[in-house]
Amino acid sequence: MRALIVIPARGGSRRLPRKNLAAVRGVSLVARAIVTAREFAIGAPHRRVTIIVDTDSPEIAAEGRRWGAAVPFLRPADLASDAIPTIENVLFLLERLADQLPPTDAVVLLQPTSPLRRAEDITRCWAAFDPAKRPSVVSVTPTSHPGELFLQQEEHGTLQWVPGTTGPALPQQASAPSYYVNGAVYITTPDFLRHHRAFVVPGCTRGVLLPAERSIDVDTAGDLALADAILAQTETPVVRVGDRKIGGGAACFIIAEAGINHNGDVDLAHRLVDAAAEAGADAVKFQTFDPEQVVSRRDESQLAMGRKLALAPDTFAQLRAHAIARHLMFLSTPFDAGSADLLDRMGVPAFKIPSGEITNPPFLAHVARKGKPMLISTGMATLPEVVDALDIVRAHGSPPVALFHCVSNYPAAPEECNLRAMGTMRSLLHAPVGWSDHSQGVTLSVAAVAMGAELLEKHFTLDRSLPGPDHQASLQPAELRALVRDVHATEAALGDGLKVPVKSELAVALAARRSLHAARDIDAGKVLEMSDLVLLRPGNGVPVSEAGSLVGRRLKTPVPAGSLLRDADLE
């Protein structure tokens, strides 16, 4: 079945200027719609899908193409006004492209103003669509109040029932459920559109529920802020690697990156395994490559370095056994298909994909077909390139994926690290996101965990003075131990966000807070006035909030100046 996905995106907007280019969590509304459309298209290989951005704006057209959509033309001026219904633009598009596209079975309309819509929402609408029996499907959301309760406000503030209603005839609880079309997904046949000149026809159109939390339709700056806040709190799915969980609220998964810091020395590689275990890391990771399959023979210097640093294939099985004996997960980064095959036969629980291979489609497809989790580094990549890589992975088996934000410089300067990009990737790609840290020291690794990094990778060496390309940007064993300790402390310190005193503060509160004391010597029989009271430490007496319960009462016994006042002293 052929589907044409249309993303309508005018350049203007009355309430929110440049609305369709406005960013939610760092990604424009039109880009989010395209990424969701692409994920939907990849998720059903039996569908043939074309994604088109329909716009009058050259800037939106450029944004659409950057994210992988087609923009065959710009809307003519007479169809660019906000007074023109979307249906007219869609019909014009179908007519203009009639001789350029193969026959279309379905038109899927995705408004960019629904940034919380997921590919699964489109898929559910698609499942309800049948060109012959159910030619019109839209996403709807239950309202919290029935439609007969809706009112409109007249010019001077007076309320009237919406035309066509007369107010509630039944208690709200007894009213039939009401729904509204939320604008996220419309699916129809071209013939239905041409005949009815509408996407929604009561009595014909089927509604598919969209969760209320994903039903925001952005029309104002407030809507934009709300969508941003909701996406910031979105929990990622769990990716299981061996017996460990990554994402979904699990503790940060810490990978001690030995890489090539063994300098081709097997004994040094085994000592790195021991150092990672003693530091308390979750995994130790090496790099597996055949230099002849990675580097051109014309690049003699890099090829020579690769040959010097490559370990023999059987060494990795020995390192894996050593790591398991030290209660460490063993991982290695393959740089070529043969190395991925070697690691797969060895039984590694996941594949780490290096940043340099994120634009290598054959390699990504080869690894994805193995079905094991892929931990993908994104150094040097634009966000559209990351989406391209994920499309390839999803199209070739769709194994679980976690991502590393990364800056591929050694060392990476703090001002280049842009840790907020982790949140952008997480909100757009719905995958666990962490930080592959190439900066010096442990500061940015700890900061990344505080910002929600779900996995962390850091190079380490036994000695920074050793020769080799990565040693100087690596941690030494004591620093690696400190990193693991600080990460665990940071996670423990984040807490649950509820502002309440902790148990250890209670004794401090008695000493540090104040309670009511006698301001002067007070005789028995005296009726207390506010001037008789003073707030002094300790705080184990009557708190100031209860001063009213003392004023106006008579003392049974004399009270010396500075003494705690107690309820038992009063009549």
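This is a predicted model: local features need pLDDT of at least 70, side-chain atom pairs count only at pLDDT 80 or more; totals for chains, interfaces and linings use all residues.
Visitor: How many helices and strands are in the protein chain?
Guide: Helices (H or I, at least four residues) and strands (E, at least two) are DSSP runs, numbered from the N terminus. Counted in this way, the protein chain has 17 helices and 22 strands.

Visitor: What radius of gyration does the protein chain have?
Guide: The radius of gyration is taken over C-alpha atoms, and the globule rule is 2.2 Å times the number of residues to the power 0.38. The C-alpha atoms fill a box of roughly 105 × 85 × 40 Å along the principal axes. For a compact globule of 571 residues the radius would be near 25 Å, whereas the protein chain has 32 Å.

Visitor: Which strands stand at the edges of the open sheet of six strands?
Guide: Two strands pair if DSSP finds at least two bridges between them, and the order in this open sheet, whose pairing is mixed, is E4-E1-E5-E9-E6-E10. One side of each edge strand is left without a neighbour in the sheet, because each has a single partner strand; the two are E4 (48-54) and E10 (206-209).

Visitor: In which sense do strands E6 and E9 pair, parallel or antiparallel?
Guide: Strands of a sheet pair through backbone hydrogen bonds, in one sense or the other. Valine 137 stands opposite isoleucine 187 in E9. Over six bridges, strand E6 (residues 136-142) and strand E9 (residues 179-188) pair in the sense called antiparallel.

Visitor: Which residues of helix H15 are buried?
Guide: Buried means under 20% relative accessible area, exposed over 50%, and partly exposed in between (1.4 Å probe, protein chains only). The buried residues of H15 pack against H14, strand E19 (433-437), strand E20 (455-459) and helix H16 (477-494), where contact means heavy atoms within 4.5 Å. In H15 (residues 443-450) they are Leu444, Ser445, Val446, Ala448 and Val449.

Visitor: What is the relative accessible area of asparagine 418?
Guide: Asparagine 418 also lies in the loop between E18 and H14. Its phi is near 45°, a positive value in a residue other than glycine. Asparagine 418 counts as partly exposed, with a relative accessible area of 48%.

Visitor: How many disulfides does a search of the whole structure find?
Guide: A disulfide is taken as a pair of cysteine sulfur atoms within 2.5 Å. The search of the whole structure finds zero.

Visitor: How far is the nearest cysteine sulfur from cysteine 417?
Guide: Cysteine 417 is buried at 1% relative accessibility. Cysteine 417 is in no disulfide, and the nearest cysteine sulfur belongs to cysteine 406, at a distance of 9.1 Å.

Key
Residues are numbered from 1 along each chain as its sequence is written. Side-chain values use heavy atoms; hydrogens and water are left out.
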